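Colleague: I'd like to pick at the wording used for this model. Could we go term by term and set each value against its cut-off?

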Amino acid sequence: MVSLFERNIFHFNLFYGESMKIFKNLFLLSLLILFALPLYGAKRLTYYCSTDIPWCELMKNEFEKRTGIRVSMTRASSGETLTKIRAEKSNPKGDVWWGGTGDPHLQAAEEGLSQAYNSPKLNELHDWARAPHNATGGKTVGIYLGALGYGYNRELLAKKGLPAPKCWNDLLHSAYKDEIMMAYPSTSGTAYTTLASMVQLFGEEAGFNYMKGLHRNISQYTKSGSAGIKAASRGEITIGVVFVHGAVKQAVSGFPIEAVSPCEGTGYEIGSASIIKGARNLESAKKFIDFALSADVQSMSAQVKSYQVPSNKNAVSPPEAPDVSSIKLIDYNHALYGSKAERTRLLKKWDDEVKVLPR
């Protein structure tokens with residue numbers, strides 16, 4: 001028979017145990033709230049990137065390390081990113097767009113999809129890097145320069161007994177049928193720069209005739225401009241149309257790739273950065289632009305084998321980078337070919353006159 005004392009002890013333990021359990025749960029909840037509050041109030045940045053993933057990730061990680069700002073990154077080609085920003089216009093999700101060819105950045109500025117910012121780093125930049133900033137009232141700025149060209153796999157070329165191409169016109173030779181890969185001009189800044197370069201280099205009629213001839217030798221069109229040279233590096237295709245630094249990157253990585261700066265002359269990109277209009281984290285976006293224009297940050301590109309010419313005059317260009325002074329660059333009209341009207345017109349003409357042709 002249980003005594004009164006034993007019953008009291010039982011009820012005390014029961015009450016005490018339940019109280020301790022409640023206290024423990026409240027304590028854990030308090031800790032959770034305590035740790036969550038700093039994260040809730042933490043500064044953030046939503047970052048759209050249009051260069052190779054390793055460079056995108058380097059920029060993300062270094063910015064987070066230097067500022068403590070948490071970064072959410074999305075990587076896509078220039079054309080795809082422009083389409084995304086356009087679709088999000090009424091409810092912007094991104095804060096800053098970094099990298100990729102300058103033409104889509106110019107079009108974004110023209111469409112009111114980006115907003116002006118005058119970084120204190122502007123005076124450190126080359127004239128060509130400030131040109132898009134001046135042309136758009138501060139809505140975009142140059143971060144690097146890259147000359148257009150192509151690369152070929154030396155081993156595949158020798159195995160198939162193909163001549164080594166040196167010029168744009170060499171790529172029209174019937175020997176290269178199904179041996180070339182490039183991207184769609186509508187999705188890739190690289191490919192659109194190719195189209196616009198041929199029009200400026202040869203004239204519009206001859207330039208489109210060139211694209212038609214090249215089309216006959218294309219094995220596959222891709223979304224990304226760098227996909228062709230990566231496929232050539234893997235031995236899946238012989239030639240990839242790409243910016244010259246993209247071919248150099250594969251060569252430096254140990255692949256049998258030869259970079260070509262075409263003999264007739266070639267166009268070039270001004271890789272750019274823009275703050276998206278309506279950015280939810282505007283101050284973080286401004287800090288990212290300042291960061292991206294800094295000489296020491298641009299000098300880090302060699303760590304991920306990115307060999308574009310940096311826009312900051314004080315940045316150190318890696319020795320493997322193409323010598324742009326030795327490349328025959330055309331007087332590329334970025335303002336005209338980066339405009340919405342001209343870009344839309346050329347892309348529609350390419351769809352109507354080139355894309356529909358059999359290969």
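Colleague: Where is Thr194 found, and why is Thr194 called buried?

Modeller: Thr194 is in helix α7, residues 189-202; helices here are DSSP runs of H or I with at least four residues, strands are E runs of at least two, and both are numbered from the N terminus. Its relative accessible area is 1%. Buried means under 20%, exposed over 50%, and partly exposed in between, with a 1.4 Å probe and protein chains only, so at 1% Thr194 counts as buried. Keep in mind that this is a predicted model, where local features need pLDDT of at least 70 and side-chain atom pairs count only at pLDDT 80 or more, while totals for chains, interfaces and linings use all residues. Residues are numbered from 1 along each chain as its sequence is written, and side-chain values use heavy atoms, with hydrogens and water left out.

Colleague: Which backbone oxygen does the side chain of Thr194 reach, and what makes that a polar contact?

Modeller: That of Thr190, at 2.9 Å. A polar contact is a pair of N or O atoms within 3.5 Å; within protein, one must be able to donate a hydrogen and the other to accept it, and residues adjacent in sequence count only if both atoms are side-chain atoms. At 2.9 Å the pair is inside the cut-off, so it qualifies. Apart from residues up to four places away in sequence, Thr194 touches Leu148, Met182 and Val241, contact meaning heavy atoms within 4.5 Å.

Colleague: Ser119 next. Why is Ser119 called buried, and what joins its side chain to that of Asp290?

Modeller: Ser119 has a relative accessible area of 5%, so it falls under the buried cut-off. Its place is in the loop between β4 (114-115) and α5. A polar contact of 2.7 Å joins the side chains of Ser119 and Asp290. Leaving aside neighbours within four places in sequence, Ser119 is in contact with Ile289, Asp290 and Leu293.

Colleague: What makes you say that helix α10 is largely enclosed?

Modeller: Seven of its nine residues (244-252) are buried, so the rest of the structure largely encloses α10. The buried ones are Val244, His245, Gly246, Ala247, Val248, Lys249 and Gln250. They pack against β5 (141-153), α9 (227-233), β8 (239-243), β9 (257-260) and β10. After α10 comes Gly254, with a positive phi near 100 degrees.

Colleague: And α5: which of its residues are buried, and how do you know that they line one face?

Modeller: Ala129, Pro132 and His133 are buried in α5. Seen down the helix axis, they fall within an arc of 100 degrees, so they line one face; the arc is that of the directions from the axis to the C-beta atoms. An α-helix has 3.6 residues a turn, so residues three or four places apart point the same way. On the other side of α5, Asp127, Asn134 and Ala135 are exposed. The buried residues of α5 pack against α4, β5 and β10.

Colleague: What makes a space a cavity rather than a pocket?

Modeller: On a 1 Å grid over the protein atoms alone, a cavity is a set of points where a 1.4 Å probe fits but cannot get out, whereas a pocket is an open set with protein on both sides within 12 Å along at least five of seven lines; lining residues have an atom within 4 Å of a point. Grid points are joined across faces, edges and corners, and a volume is the space filled by probe spheres set on the points. Of its 29 lining residues, Ser50, Asp52, Thr190, Ser226 and His245 lie nearest the centre. α10 provides the largest share of that lining, four residues.

Colleague: How do the lining residues of the largest cavity divide by class?

Modeller: Six nonpolar, 17 polar and six charged. Ala, Val, Leu, Ile, Met, Phe, Trp, Tyr, Cys and Pro count as nonpolar, Asp, Glu, Lys and Arg as charged, and the others, Gly among them, as polar.

Colleague: Which helix gives the most to the lining of the largest pocket?

Modeller: α4, with five residues. The largest pocket holds about 240 Å³ of space. Of its 16 lining residues, Leu106, Pro132, Ala135, His334 and Ala335 are the closest to the centre.
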